[in-house]
Amino acid sequence: MGHRIHFVVDPQGWCCMGLIIFVWLYNTIFIPKVILFPHYEEGNISVVAVLCYYFCSLFCIASLFRASVADPGKLPENPEIPITEREHWELCNKCNVMRPKRSHHCSRCGHCVRRMDHHCPWINNCVGEDNHWLFLQLCFYTQILSSYTLILDFCHYYYFLPLKKENWDVFVFRHELALLRISAFMGLIILGGISRLFYTQLMGIFTDTTSIEKMSNCCEDISRPQKPWQQTFSEVFGTHWKILWFIPFRQRQPLRVPYHFANHA
């Protein structure tokens, strides 16, 4: 589950994802060239700061690509339904496919997705049961990278010692201020938007509800037993090992969840 390559043909999604990749490339190329490497060569920062920036950048782009091409939980046309679980399945009135409860039909992708949270144009994919953990990692590492970039922009002008500019690239030397202003502007915009999105995602996991269920008011079943937050997070990330929640270079193994815990939508 979740190991298949999933590709959505959507020009709008391609444009949104291309914009995110452009911002990532911009900061990954110019921030080291304008701030990290010059200050490292003059002893203002350590090699740890440089490596941390590249690690954050690597984890960010890895979670982006994996979330965009991972199968979110697409249901096959003729799913095999265990006899003991048939009462927990229902018929989709849009594609006429049997699906587990809490699944949803995505009109943009044209199929049903298990425990679908929403369709995200910024990754050109649905966020569902099998790639929700990658989407959370993307939000997390994007916030870290944006915050790190803003801190470096601030320290470059107000904290670090002035640089000796004899060995600077001519283009960077002439357009240093403009490059950093663009970086700071993009960092503020992305940090503000992603922080709000990440907060709503965390609240959804804490309450064991998806964004679609919140919008449709399908999560008011007071008889449903509440699960501890460790359990809900472990179900999303596919492991009880919390350190693995932060690693995008792995395969998710879904945990078996008893149906009496399910919030039926």
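Q: What makes the link between the side chains of K227 and D208 a polar contact?
A: The two side chains come to 3.2 Å.

Q: What should I know about the model before going on?
A: This is a predicted model in which local features need pLDDT of at least 70 and side-chain atom pairs pLDDT 80 or more, while totals for chains, interfaces and linings use all residues. Residues are numbered from 1 along each chain as its sequence is written, and side-chain values use heavy atoms, with hydrogens and water left out.

Q: Where do K227 and D208 lie?
A: K227 is in the loop between α6 (211–215) and α7 (229–237), and D208 is in the loop between α5 and α6. Helices are DSSP runs of H or I with at least four residues, strands are runs of E with at least two, and both are numbered from the N terminus. The chain has seven helices and six strands.

Q: What makes the phi of D208 worth a look?
A: Phi of D208 is near 60 degrees, a positive value in a residue other than glycine. Most residues other than glycine have a negative phi. R102, in the loop between β2 (98–100) and β3 (104–106), also has a positive phi, of about 80 degrees, without being a glycine. R102 is buried, with a relative accessible area of 8%.

Q: How many aromatic pairs are there, and why is the pair of Y26 and F30 called tilted?
A: The whole structure holds 16 aromatic pairs. The ring centres of Y26 and F30 are 5.0 Å apart, with planes at 50 degrees. Rings of Phe, Tyr and Trp (its six-membered ring) pair if their centres lie within 6.5 Å; planes under 30 degrees apart are stacked, over 60 edge-to-face and the rest tilted. The angle falls in the remaining range, so this pair is tilted. Y26 and F30 are four residues apart in helix α1, which means about one helical turn between them. F154 and Y158 form a tilted pair as well, at 5.0 Å and 35 degrees.

Q: How do you know whether Y26 and Y158 are buried or exposed?
A: Y26 has a relative accessible area of 9%, so Y26 is buried. Y158 has 65%, so Y158 is exposed.

Q: Which residues form one aromatic cluster?
A: The cluster is made of F59, F140, Y141, F198, F246 and F249.

Q: How do you know which residues are transmembrane?
A: That comes from the record: an unreviewed UniProt entry lists residues 12–31, 43–65, 138–159 and 179–199 as "transmembrane region". UniProt positions follow the numbering used here, feature names are shortened, and annotations may be inferred rather than shown by experiment. In the model, residues 12–31 are 100% helix, with end C-alpha atoms 28 Å apart.

Methods
A polar contact is a pair of N or O atoms within 3.5 Å; within protein, one must be able to donate a hydrogen and the other to accept it, and residues adjacent in sequence count only if both atoms are side-chain atoms. Buried means under 20% relative accessible area, exposed over 50%, partly exposed in between (1.4 Å probe, protein chains only).
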